[in-house]
Amino acid sequence: MPRSTSIRALLAGAALLALGAGASADEQYFPLQSYRVGPYAAGGTGFFGGFIDYLNLVNSRDGGVNGVKLTWSEGETQYEVERGVEVYERLKSRPGIAAWNPLSVGIAYAMIDRITADKVPLITINHGRTDSTDGRVFPFVFPLLLNPYSETSGIVEYLATREGGLDKLKGKTIAVLYHGSPYGKETIPIYELLSKKYGFKVEQIEVPHPGNEQQSQWLTIRRLRPDYVVLRGWGVMNPVALKTAQKTGFPANRIVGNVWSNSEEDVIPAADAAKGYVAITTQASGAQYPVIQEIVRTVYDKGAGNLSDKKRIGSVYHNLGVLNGILNVEAVRIAQAKFGHRTLTGDEVRWGFEHLRLDEARVEALGAKGLFHSINVTCANHEGEGRVTFQQWDGTQWKVVSDWIKPDWASLRPIIEASSTAYAKERGLTPRDCAAEEQADIQSGKRASVDGK
Amino acid sequence: MNPELSFFVEVVVGGLLSGVMYALVAIGFVLIYKTSGVLNFAQGAMVLFAALTFVSLVEWGLPFPAALIATLAVMVVVGLAVERAVLRPLVNQPPITLFMATLGVAYVIEGAAQLVWGTQVHGLDLGIDDTPLEFGGVLVSRFDLFAAAVAGLMVALLTLFFRYTRTGLAFRAVADDPLAALSIGLRLPRIWSAVWIASGIVALVAGLLWGARLGVQFSLSLVVLKALPVLVLGGFDSIAGAIVAGLIVGAAEKLAEVYLGPFIGGGIEGWIAYVAALALLLIRPSGLLGQRSVERA
Amino acid sequence: MSTALDLPAKPRDLSGPVGIALLLALAFGLVPLTASDYLFEAILTPFLALALAGLGLNLLTGYAGLLSLGSSAFMAVGAYAAFNLSLRVPGLPLPVSILGAGLVAAAAGLVAGLPSLRLKGFYLAVSTLAAQFFVAWALNRIGWLSNDSPSGVINAPRLVVAGQSFEDARGRYLFSLAIVSFLTFATGRLVNSPTGRNLVAIRDSEVAARIVGVKVARTKLLAFALSCFIVGIAGVLWAFAYLRTVEPAGFNLDRSFQILFIVIIGGLGTLRGAFLGAGFIVVLPLVLSRLGAALLGDSFDSGTLEMVQRIVLGALIVIVLIREPAGLSALLHRTARRLRLSA
């Protein structure tokens, strides 16, 4: 049987290669399921570039977090779920894993069971499974800053400011152009809900994947004559939407993009057709923030920057990556304050994320004032009340055109809890008692300080 | 004009113009299928490669015509290389093997394109203002009209080539009956080379026009999915069929999306063209203008 | 003109009963004792699922000579059918819901196979794309199919059969292995039965088949149904045993091509071809990227590596096709014969 032996020999070789990298006492490791190839490579290079740049900055400026060095390695996924799973299985046995940051809804879903069993946090910044906001049911999943529901609410709140108040939305028409995928469809019920609540008319139109042809959708919009079009796109769908809007005479400044339609890569291919287009973001773009400047000085000027094209420093995805780095590193720092300045376990880092409270003063101290507003993660709320702002494309760069807007979390929470409760029931899980856990934390904190004396 | 009627006209016109864009990609397939019986799935990768090469050269500061000529040269080399390295060694293999080989080629070209030129998204400006023109309440895209004109010109040139040049005539002889062509001494390899060069050029034209519409990025290689139903409908071996089928598919899918979509759920464009093409084929198995052949029984 | 799928005659089977017994002993006995979690979770389980899909497609393409580009759509049908059966029929044993999923996929295959009565070759191949895109659309559009999950992504139910849990890495592997072995044996019996010979008769010459009394239309549809039954169950394994989540995007055109690659690289019209092909397609990219990472170090830009790997993979496919158009199965056969001769 030459077949089995030769294949198994190869497998054994692969398995040996997969090991490697020995353990070291004071390191915290970030496995990265990056995607630098394929249809979504532009987003992947920016995000993972920014993340790595920030980890690099912390290492070279501070020598790590309280002396604990940050390490990472990448596995290419091409945004494909099974490749993401392969990378997970390959890297999960490395020592000192802090958290997983896949930046892909599909991969995140496939990992939820796995990371819960392995007790390591899964960070899905700005995306992911909406009901994982409920930390009582999803202890290890963190859709930080913004989930799809809050995004929807944030966009509606912003449109209200343009009209002069939520009551002015009455009688208006909003068309939502969404990507024909689970991701695209996720907010359909929320737009319906908000349209009833505020009395605007909503028309939701699907664009089949990949979205390289949208003539009929925009002609439908032209007939509908909506006041605004919300673009819930992904990849090539975004520039094509803007171009087709121009072709059918719909003004770009009345199109509002969602969080995956807000990058330079979405507007540059549309050229002039994108001028005036507005999009939501949790992190302003631009390189003027102190933390980005520091990255330029300490990382890029030494030739250690991750982006091959320096012009992309401060772009939307790069800043999102940096912000993701800040949140991960601060969670580690907060956890270290409780558990000690050493390599932490995944569960300890989870505790850090659940106490990730960065107020405006702390954000300023981190050199990120203006880059993002604040975050307040708790045991029950894994999203952390992220604020959103809106940027307008002027043909060469994004300009912030709104304040930091608060989505209407209170009215979304019941829907999220209904969904997470159903999930808990389906899986036979008992939701955690967050109040009791906080109490226990306080107790153990007191005991620790008593012991210290 | 009645607004509903003018809307209808708008949908039809928009669909027809989109159809021309589909036909543009389909022609690349037809050229190769006609002479060598290969469904060349690498056509999409060639479209991507051409557009990416062109736009990168322009961004390097090469003037427009120089970049165009350089890209043309690159595409000729690519076409020739594929023909020499892959197709010729596989001659006389079953079509499915050839098809798989072109998929392998597609991997190589996509990988090479991104390795050489990077994965960044580029804008491509052909200098055509795309503000819509208005004819009696009906908006027509200026860019799409331009694209249709380019496609028309290309088809005209191809027709002239096949009708009046030696290579072109030989090409038709091979397409009609490869054995007879061989027996009168036509050199098949030379004709295959010519055809691969031609399909490289078609890929460049399609790449530029589609690149200007979508931006130049990986998704450009997905435009082949729009061309396949056109091929089924028009016949894999007919350029005229590709054009006519392109128009039909374009108009039909837009009409279906706009008028049928609200009833059965939107986003049906992805498959409706295939179903429409199939329905037509069941009535007329030889396609619109394709040759009657055993392949379709 | 030759037909679309001229194939060499099936090489004489060199894997006798002893060989198969040894192989099974290895797969059921030795591997579960020795392999690591990574091997189970990232290599062996997907390998089994894809090999099964390849087996199903081989029945259609290799034996009956009908080309399909929509295999992953039927994997999706199978996965979603099994999910819904488990969800909506409380207490339904997992094997029954998997069987049901296969039947649903077979029914879908029957419908998708209708064009084969009039179309052949690439025309048929492209028409199967209609199934590919329609299924993706329907799964996305009809919320009921994904139990109205807000994001359309569903979690697979737990792998428990008769109180026995197969939830850990080894269990998932054994669960898949049991199903794959069973279906492989069943397929082996099938292709050597009169039905199997009818399939081959149609592939080799439809006219001749008709003359000797093969009911061509019925046999073609049967080929679609049988093939999709197996492919559907492969979809269940892919979703339940491997990924543990189901989303329509995972069953896209690339996956269909991947399965077709498996069949063609492995060898059309042979049972072991599917396994050889799946080994090539699943393992090779991983080996290439590990090799690249080992040579170039951890910090190397994973994107560049991936692109080089894509080029190498594409080139290898072309090389295999040029050097061994009948697939790895024929290569194996020849090697074995040479070994025997020299021995």
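How many of the residues in chain A are buried? Of the 453 residues in chain A, 60% are buried, where a residue counts as buried if 20 or more other C-beta atoms, placed from the backbone, lie within 10 Å of its own, as exposed if 12 or fewer do, and as partly exposed in between. This is a predicted model, in which local features need pLDDT of at least 70 and side-chain atom pairs count only at pLDDT 80 or more, while totals for chains, interfaces and linings use all residues. Residues are numbered from 1 along each chain as its sequence is written, and chains are lettered from A and ligands numbered from 1 in the order in which they are written.

**Chain A as a whole**
- Chain A holds 16 helices and 13 strands, which are DSSP runs numbered from the N terminus (helices are H or I with at least four residues, strands E with at least two).
- The radius of gyration of chain A is 22 Å, which agrees with the value near 22 Å for a compact globule of 453 residues; the radius is taken over C-alpha atoms, and the globule rule is 2.2 Å times the number of residues to the power 0.38.
- Among contacts in chain A with a separation of 6 or more, 70% join residues 24 or more positions apart, two residues being in contact if their C-beta atoms, placed from the backbone, lie within 7 Å.

**Strand β9 of chain A**
- Strand β9(A), residues 278–281, is covered on both faces, with V278(A) and I280(A) buried on one side and A279(A) and T281(A) buried on the other.
- With strand β8(A), residues 255–257, β9(A) pairs in the parallel sense over 2 bridges, and V256(A) has V278(A) as its bridge partner; strands pair if DSSP finds at least two bridges between them.
- With strand β12(A), residues 389–393, β9(A) pairs in the antiparallel sense over 4 bridges, and here T281(A) stands opposite T389(A).

**Where chain B touches chain A**
- In the model, 33 residues of chain B are in contact with 37 residues of chain A.
- The elements of chain B that give two or more residues to this side are α1 (3–36), α8 (188–214), α10 (239–264) and α11 (269–283), and α1(B) gives the most, with 6 residues.

**Confidence in chain B**
- Chain B averages a pLDDT of 86, and 95% of its residues score at least 70; pLDDT is the predictor's confidence in each residue, from 0 to 100.
- Among the elements of chain B, helix α7(B), residues 178–183, has the lowest mean pLDDT (79), whereas helix α2(B), residues 43–59, has the highest (93).
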